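Subject: Structure handover

Hello,

Here is the structure you will be taking over. My notes on what was found in it follow below.

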Amino acid sequence: MLRWPLCALFACLIGVAQATPVDTPTPPKAYLTLIIDDLGQNLPRDRRVLALPGPITPSIMPDTPHAAELAREAHAAGKIIMLHMPMDPATGPFAWHPELPLDELEKRLAAAFKVVPYTSGINNHEGSRMTAEPLAMAWLMGELQRRNKFFVDSRTSARTVAASEAQKIGLASVSRDVFLDNERTEPAIAAQLDAAIKLARKQGSAVVIGHPYPQTLAVLERELPKLKEQGIDWIDIKSMIALRGNQAAAGHGKDGVYRQAPTGSAP
């Protein structure tokens, strides 16, 4: 009987092992959506926002000189448009305040929608006091559902009940994870974008809000084209809402349910 030397057998086994392809695990999908707030004040600047690559979501304030014109341009560019609804401590003719009756809140919301056409949803401008009001937020979510609009909770306060009230009635909604530009320097904004990317990889998705500051736009113009090569899928806000399925992210609740605000009056 022919017998192979032991060393030849080992060499053969090693060769087989080397020839066997090793499956590289596919990294989990990471999704990011980006909203730019406070639009409508400066048309040349806001057009720079619309020119950003990818599915940017413009959020337009109603009490601005170019609100309607920018909304029309954004609609023509195929953007999903949001109403950036002023809420206390914001001021102005459209702003919601806790002491206002519901019929006045309804009147101001309807007027804001007329000023900003083509809107698919809203998010709150400021609103740390207003979004802590359960009655007003419950009414708002019902009204948005009636109007077939979605809601994005900007989460300007730890006491917000807005997303929780939206979740209770199954309104299409999502909450902000990262603010890009609380500190208006390019290094700080770039660091926040990197933090958003890391969060998206950790929890699967991240909702990011920025503003049309020159420093923010400079960072976005430079960094957004690199997202794909970093394994990040940049999706529009409606796709993000569908992806999350109205479930709270880990930072906003437990087991997909939004945390209720602490009891007591809002600050």
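A search of the whole structure finds 16 salt bridges, a salt bridge being a side-chain nitrogen of Lys or Arg within 4 Å of a carboxyl oxygen of Asp or Glu. Side chains of opposite charge can pair when their charged atoms come close.

Before the details, some ground rules. This is a predicted model, in which local features need pLDDT of at least 70 and side-chain atom pairs count only at pLDDT 80 or more, while totals for chains, interfaces and linings use all residues. Residues are numbered from 1 along each chain as its sequence is written, and side-chain values use heavy atoms, with hydrogens and water left out.

Overall make-up

The protein chain has nine helices and eleven strands; these are DSSP runs, numbered from the N terminus, with helices being H or I of at least four residues and strands E of at least two. Of the 267 residues in the chain, 49% are buried. Buried means under 20% relative accessible area, exposed means over 50%, and partly exposed is in between (1.4 Å probe, protein chains only). Among contacts with a separation of 6 or more, 71% are between residues 24 or more positions apart, where contact means heavy atoms within 4.5 Å.

Salt bridges

Two of the pairs lie within a helix. In helix 4 (residues 102-115), lysine 107 and glutamate 104 are three residues apart, and therefore about one helical turn separates them. Their closest N and O atoms are 3.7 Å apart. Lysine 107 is exposed, at 54% relative accessible area.

The other pair is glutamate 165 and lysine 168, with 3.1 Å from N to O. These two are also three residues apart, in helix 6, which puts about one helical turn between them. Glutamate 165 is buried because its relative accessible area is 10%, whereas lysine 168 is exposed at 54%.

A further salt bridge joins arginine 222 to glutamate 186, with the closest N and O atoms 3.3 Å apart. This pair links distant parts of the chain, since arginine 222 is in helix 8 (residues 214-223) and glutamate 186 is in helix 7 (residues 186-203), 36 residues apart. Both ends are partly exposed: arginine 222 has a relative accessible area of 37%, and glutamate 186 has 33%. Salt bridges with shared partners join Glu186, Arg222, Glu223 and Lys226 into one network.

A buried arginine

Where is arginine 155 placed? It is in the loop between strand 5 (150-153) and helix 6 (162-168). Arginine 155 is buried but has no salt bridge, and the nearest side chain of opposite charge, aspartate 153, is 4.2 Å away. (Lys and Arg count as positive, Asp and Glu as negative; His and the chain ends are not counted.) Apart from neighbours within four places in sequence, arginine 155 is in contact with Asn124, Thr160, Ser175, Arg176, Phe179, His252 and Tyr258.

A buried threonine

Threonine 119 is in strand 4 (residues 119-126). With a relative accessible area of 8%, threonine 119 is buried. Not counting residues up to four places away in sequence, threonine 119 touches Ile81, Met82, Leu83, Phe113 and Lys149.

A helix pair

In helix 2 (residues 43-50), Leu43, Asp46, Arg47 and Leu50 meet Glu69, Leu70, Glu73 and Ala74 in helix 3.

Regards
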